[in-house]
Every structure is written in C-alpha cells, then in structure tokens.
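Trainee: Could you pick one part of this model and take me through it slowly? I'd like to follow it residue by residue.

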Amino acid sequence: MGVTVTNTERDGDLCVLTINVTSGGGNATTTENVVGHLKQFTVDGSGGISNSFTLTLEDTANGMRLFSGTVDLTDMHPTNFNDGSGAYCRGPLKATASTMSVPRTINLYYEKM
C-alpha cells in the first residue's frame with residue numbers, strides 16, 4: 001500500500017516516470033535525480049472509475065512544490081504546474097498522494113536537461 005516509483009524510461013530527451021498509487025496513499029521519492037522540465041502527467045485507473053485524490057509533486061533538492069491539487073482521471077499540462085509557469089525539477093522528485101479507494105498509475109513526462 002502507498003506510493004511507489006516503479007519505472008523510468010528515456011527516449012532521447014523525453015523521459016517518463018511511472019508512479020503507482022494504491023488505496024493507502026503515502027509518498028515516495030525517486031532514487032535518481034529528475035533533472036528537467038515537467039511537461040505533462042496522466043492519471044490512469046481501473047476501468048475508468050472516478051475517485052479523486054490529492055497529489056503533490058516536490059523537488060526535494062530545492063524544497064520546491066511543483067504541483068499540488070486534486071486529480072482524478074486527468075491529464076495535466078504545463079499550465080497546471082507551478083501556477084501556470086511550468087516547472088523544473090533539479091533533484092529527487094517526491095510524490096505524495098492522499099488516501100483513495102481506486103489504485104492509480106501516474107505517468108509523468110519531463111524533458112531531460
């Protein structure tokens with residue numbers, strides 16, 4: 001139960017960080033630095049069942065909140081990060097999710113710098 005970082009893929013400069021969130025909520029921090037410009041994230045879940053939760057993304061190296069808000073089966077674009085100005089991460093990324101009843105997979109897309 002909780003939040004886990006399960007995969008990181010890289011295709012040139014575009015990277016995808018996969019974060020799984022279970023019903024217990026919680027937080028997890030990447031073991032590697034996420035250095036780049038956050039472009040978008042998607043939230044996928046079981047059978048399209050709606051179940052919103054609070055998600056916070058934080059650059060732990062700089063103590064900077066990159067995103068905080070209520071999400072469901074949603075795509076978030078750069079205008080949703082950091083009050084619309086986009087966001088850059090420069091170290092380990094921490095993802096924190098509140099408790100919900102439907103597991104979610106978050107795919108965070110960022111451009112490696």
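Mentor: Let's start with lysine 39, which has a relative accessibility of 28% and therefore counts as partly exposed. For that label, buried is under 20% relative accessible area, exposed is over 50%, and partly exposed lies in between (1.4 Å probe, protein chains only). Before we go on: the model is predicted, so local features need pLDDT of at least 70 and side-chain atom pairs pLDDT 80 or more, while totals for chains, interfaces and linings use all residues. Residues are numbered from 1 along each chain as its sequence is written, and side-chain values use heavy atoms, leaving out hydrogens and water.

Back to lysine 39. Its salt-bridge partner is glutamate 111, with the closest N and O atoms 3.3 Å apart. This pair links distant parts of the chain: lysine 39 sits in strand 4 and glutamate 111 in strand 10, 72 residues apart. Strands here are DSSP runs of E, at least two residues long, numbered from the N terminus. Glutamate 111 is partly exposed too, at 31% relative accessible area. A salt bridge needs a side-chain nitrogen of Lys or Arg within 4 Å of a carboxyl oxygen of Asp or Glu, and the structure holds two of them.

The other one joins arginine 104 and aspartate 72, at 2.9 Å from N to O. Arginine 104 belongs to strand 10 and aspartate 72 to the loop between strand 6 and strand 7, so this bridge ties together parts 32 residues apart in sequence. Both residues are buried; for aspartate 72 the relative accessible area is 14%.

Stay with aspartate 72 for a moment. A polar atom of its side chain lies 3.0 Å from the backbone nitrogen of asparagine 51. Its side chain also makes a polar contact of 2.9 Å with the side chain of arginine 104. A polar contact is a pair of N or O atoms within 3.5 Å; within protein, one must be able to donate a hydrogen and the other to accept it, and residues adjacent in sequence count only if both atoms are side-chain atoms. Setting aside residues up to four places away in sequence, aspartate 72 touches Val43, Ile49, Ser50, Asn51, Ser52 and Arg104, where contact means heavy atoms within 4.5 Å.

Next, look along strand 10 to isoleucine 106. At 1% relative accessibility, isoleucine 106 is buried. Beyond its neighbours within four places in sequence, isoleucine 106 is in contact with several residues, including Leu17, Ile19, Phe41, Val43, Phe53 and Leu55.

Phe41 takes us to the largest nonpolar core, which has 27 residues; Phe41 and Leu57 have the most contacts inside it. Among the strands that each supply at least two residues of this core are strand 4 (34–45), strand 5 (53–59) and strand 10 (104–112). A nonpolar core is a set of buried Ala, Val, Leu, Ile, Met, Phe, Trp, Tyr and Cys residues joined through side-chain atoms within 4.5 Å. Leaving out residues up to four places away in sequence, leucine 57 touches Phe41 itself, and also Met64, Phe81 and Leu108, among others.

Terms used:
Helices (H or I, at least four residues) and strands (E, at least two) are DSSP runs, numbered from the N terminus.
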